[in-house]
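Welcome! Please take a look at the chain shown here, and then work through the exercises below one step at a time.

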Amino acid sequence: MKKYIKISGKELISKILSGEKDFSRIMLSAEKHISSLEGYREMNDLLKTRTPKGLRRRPLIFKHAKIKGIQLQDLYLRFADFSYADLTSAGLSFADLKYAVLYRANLLHADLSCAVLENAFCNESTLIGTNLVRANLKGANFYKARMDSAKLNEADLKAAHFNNAELRYTDLRRTKHL
């Protein structure tokens with residue numbers, strides 16, 4: 001079994017600013033509020049300047065990463081690959097995850113309120129108790145996702161796919177395009 005590479009939030013910011021893209025099997029440690037660290041805003045601005053074509057060709061990769069409880073609010077993560085990542089209790093409110101891959105990702109009790117997951121691939125992910133209030137889920141795919149007790153109130157579900165998803169006790173009040 002491959003080991004995880006522990007890195008701090010400061011190291012993550014520095015590596016992204018220097019152009020690194022592959023963060024597979026990292027374990028973010030120490031600082032829970034990475035969004036308040038020096039360089040976070042600069043890193044986010046850099047990510048926003050990349051073209052969609054460039055992002056598709058060379059996305060940020062966080063496969064099998066452990067990002068438990070880390071606060072990454074308002075982060076631009078279009079096309080990012082979080083396959084098999086553990087994002088338990090992560091704070092991703094207002095994050096832009098358009099076209100992101102979250103295949104079999106663990107988002108148990110994560111905060112994705114007001115996040116953009118338009119056309120995201122969330123098949124077989126665990127989103128139990130996840131906060132998706134006012135999230136943009138247009139065209140997102142949640143095939144076989146476990147979403148029991150998720151909060152989807154006021155979320156935009158236009159063309160979202162929930163085939164074989166588990167939605168027991170999910171809050172769907174005032175959702176759009178259900």
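Helices (H or I, at least four residues) and strands (E, at least two) are DSSP runs, numbered from the N terminus. This is a predicted model, in which local features need pLDDT of at least 70, side-chain atom pairs count only at pLDDT 80 or more, and totals for chains, interfaces and linings use all residues. Residues are numbered from 1 along each chain as its sequence is written, and side-chain values use heavy atoms, with hydrogens and water left out.

**Exercise 1.** Find how many helices and strands the chain has, and the order in which they run.

*Solution.* Step one: count the elements, which gives three helices and two strands. Step two: read from the N terminus, where the order is β-α-β-α-α.

**Exercise 2.** Decide whether the radius of gyration agrees with that of a compact globule.

*Solution.* Step one: take the rule for a globule, 2.2 Å times the number of residues to the power 0.38, with the radius itself taken over C-alpha atoms.

**Exercise 3.** Describe the largest nonpolar core and the surroundings of Phe82.

*Solution.* Step one: buried means under 20% relative accessible area, exposed over 50%, and partly exposed in between (1.4 Å probe, protein chains only). Buried residues make up 51% of the 178 in the chain. Step two: a nonpolar core is a set of buried Ala, Val, Leu, Ile, Met, Phe, Trp, Tyr and Cys residues joined through side-chain atoms within 4.5 Å. The largest one has 56 residues, and Phe62, Phe82, Leu117 and Leu137 have the most contacts inside it. Helix H1 (9–17), strand E2 (26–29) and helix H2 (40–49) each supply at least two residues of this core. Step three: with contact meaning heavy atoms within 4.5 Å, and leaving aside residues up to four places away in sequence, Phe82 touches several residues, among them Phe62, Ile67, Leu97 and Tyr103.

**Exercise 4.** Work out where Arg134 and Ser149 lie, and whether each is buried, partly exposed or exposed.

*Solution.* Step one: Arg134 is in the segment after helix H3 (52–57), and the place of Ser149 is in the segment after H3 too. Step two: Arg134 has 47% relative accessibility and therefore counts as partly exposed. Ser149, at 35%, counts as partly exposed as well. Step three: check the backbone, where phi is near 60° for Arg134, a positive value in a residue other than glycine. Ser149 has a positive phi of about 60° although it is not a glycine.
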